Amino acid sequence: MVKTVDKIAVNDPVNNPEQRAIIDQILNENRHKPGATMVVLSELQNKIGYISDAMQIYVAKQLEVPVSTVHGVVTFYSFFTTTPRGKHTIKFCMGTACYVGGVPQLIEKAKQVLGINLGETTADGNITLEACRCVGACSQAPVIVVDDDVMGRFPAKKIPQVFKNLQQE
Amino acid sequence: MKYFRSHVLVCVDPECLNKGAHQVIDALNDELVATGLINEVQVLETSRIGGCANGPEMMVYPEGVHYAGLTTDDVPFLVEEHFLKGRIAKKFLIPGKSIEDEELSAPTSKEIRVVLRNCGQIDPENIEDYIAEDGYMALGNILSSLSPEDVIEVIKKSGLRGRGGAGFPTYLKWQLTRNTPSDLRYVVCNADEGDPGAFMNRRVLESDPHSVIEGMTIAAYAIGASQGYVYCRAEYPIAVATLNRAIEQAKSIGLLGDNILGTDFSFNLEVRMGAGAFVCGEETALMSSIEGNRGEPRPRPPFPSVKGLWGQPTNINNVETYANVPQIILKGADWFASMGTEKSKGTKTFALAGDINHTGLIEVPMGISLREIIFDVGMGIKNGKEFKAVQTGGPMGGCLPKEYLDLPVDYESLVQAGSMMGSGGMIVMDEDTCMVDIARFFMEFTQEESCGKCTPCRVGTKRILEILERICDGEGRDGDIEQLEMLCQEIKSNSLCGLGQGAPNPVESTLKHFRDEYEAHIYNKQCPAKVCKAMIRYEIMEDSCTGCTVCARNCPVNAITGERRQPHLIDPDTCIRCGICVQVCNFNAIEVV
């Protein structure tokens, strides 16, 4: 984190009036809460989609905590990302039941179809592949989560169809 | 209050939603309006009932009929048959379950539902449903007739122990927190159910949130707290939303907030969300996270009951522990203590998963044997295969082989056998599971989730993982087993928190019970379960192969060749052993050797 404020990218959310308004609203709604840092960052991740370096500096200033603290929290938790995700995210549940139930094969198939690895986004910025922790739908293993939809007992051969549907949206 | 002769509870679990649960609800309401029954039959949303695989599913009360597999087109038929003619629409009954069975299974079954009693029975979005099932009656009783000390005494007599896994006596936690002098105390609910394979808490939060809220409020009264937090993991967005709605409802009718039920007792509750860190299920890490920091554990003592959230005395219990509390107050300590064993009282919920016929949630009395759970409640191993091991206690637990099937499930017995109760994930594995691979899987999990604060856990888990990966890759060496045993000991005795102290358990237990598999990997370069890729090959059986080309088309590395309608061949040098060909083959013509 050596970036200074004057190096902020033009398209960073803090420079975008609409997104800036959302950030300020989140800060104002939550700043009085004890332990506000986590609450604010969760909301930002939810509403903006990621937490850029500039956003971290801005939040730290507003909440009057060191930037190192905010950065430490952002990098500790796997739900926070510092770069934008694709328009759609496909998560593969890596819980025990899903692991035993065939998620590794699903991942293999997805990698093959899209030509990207886990944690990467397709070149058109449309789909991000991710592995995630147990989503608690173990009786339906193997499970994938497409955006917010949990899809259980998912066969490998249906993977291309999912991508096709997302592409068309 | 409006009176309905019949209630339809439609499951709105993600799986059922996907299959069109909302459309079915809309169609039901439209049809009820059209038939003039809208004032007699009420359609409600509920959480999972147990048949999502055939979703959308629904329960119809008072008959208690379980329907599944309906589309919007079937709705007019159902309404006519069931609500107009009063006949059960047999073709939508859950396969294998008739109504008679459902009614009869309750007394003969080995399950007792205390924590799960309301799940699927009431509308979680409606506080009146919970109140109708004696909800908040326990809170009313204690506020009017019991002192905080009396409440702790009742919990002590009941023998309730922490359901998060470690089994610390609940009353003692409450008493210690109460006895620490302070103006400010906190009550925290640990809903960071991170163990892979466990979803009991999610289910309770999603379908009976008020039982947890009531339990926490009673705890707050007993220890003298006025502020509470539920820390729920971010992977459970529906649970968080349900809980928030339930808190608002309780507040609106004076069951939470200032001067509860007109007394001078006040209690406020707030939900805090995690952000995907497993270690936050550890109580001190959880508190750091609520405080807004990195979720790193702190040394204990001081225990949370002395110095917890923001340095104040704090009582932390698990979702299931709190959900037990109202029932204990209502039905009495003796009733609760009558279930279970001498040291482990009451019931325990488990999430059955893996290679078992009946997966899903169960609630059984403590002391029941693993055999009864797996073969009676869980109806045995899938596809008629052989039972190999059961994994309890999540990534910090252990794998138990068939010699332990008659082990009673209670806190002490499981620890003695090298596993633990844990929060209640129970994963059953059949003969096709490689135990070295499973140990490697859990190590990968703990290694990644280690917060990095203390060295034994951060570095030790990495070293164990490296050795296990080497063994699975067919490069195991003489001395690996001894090195693993030494590392396990070191990590266990030197780590700061429960994550590190428990991390070696999967390795230790598999080394103890399945040592021959490790030896086969290391010395014979063989994987007996045929799982580890470096030690297996895929072959197409000429007799069964029809030459349909499905495998060749699906192979990611084009390792399969062959003419149409002629038996195909897999090139073992190109093959990456992903197993896709086995999955797509319609003739079971591909064999692992």
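## Where chains A and B meet

In this predicted model, chain A brings 38 residues to its contact with chain B, and chain B brings 42 residues in return. On the chain A side, several elements each supply at least two residues: helices H2 (36-48), H4 (67-76), H5 (96-101) and H6 (103-114), along with strand E4 (149-151). Sorted by class, the residues of chain A that touch chain B comprise 19 nonpolar, 13 polar and six charged.

## A strand covered on both faces

Let's turn to chain B and its strand E8, residues 314-318. Five of the five residues in E8(B) are buried, so this strand is largely enclosed by the rest of the structure. In a regular strand, side chains alternate between the two faces of the sheet. On one side of E8(B) sit B:Thr314, B:Ile316 and B:Asn318, on the other B:Asn315 and B:Asn317, and both faces are covered.

E8(B) also has a partner: strand E5 of chain B (residues 186-191) runs parallel to E8(B), joined by five bridges. Within this pairing, B:Cys189 stands opposite B:Asn317.

## Two helices crossing in chain B

Further along chain B, helix H19 (residues 480-494) and helix H21 (residues 505-513) have axes that come within 10 Å and cross at roughly 135°. H19(B) and H21(B) are therefore oblique to each other, and the crossing is left-handed.

Note on methods:
Residues numbered from 1 in each chain as written. Chains lettered and ligands numbered in written order. Predicted model: local features only at pLDDT ≥ 70, side-chain atom pairs only at ≥ 80, totals over all residues. Axes fitted to C-alpha atoms, helices over the stretch in contact; angles between N-to-C directions. Helix = DSSP H or I, 4+ residues; strand = E, 2+ residues; numbered from the N terminus. Parallel < 35°, antiparallel > 145°, perpendicular 65-115°, else oblique. Left-handed = near helix turned anticlockwise from the far one by under 90°. Contact = placed C-beta atoms within 7 Å. Nonpolar A, V, L, I, M, F, W, Y, C, P; charged D, E, K, R; others polar. Buried ≥ 20, exposed ≤ 12 C-beta atoms within 10 Å, placed from the backbone. Pairing = 2+ DSSP bridges.
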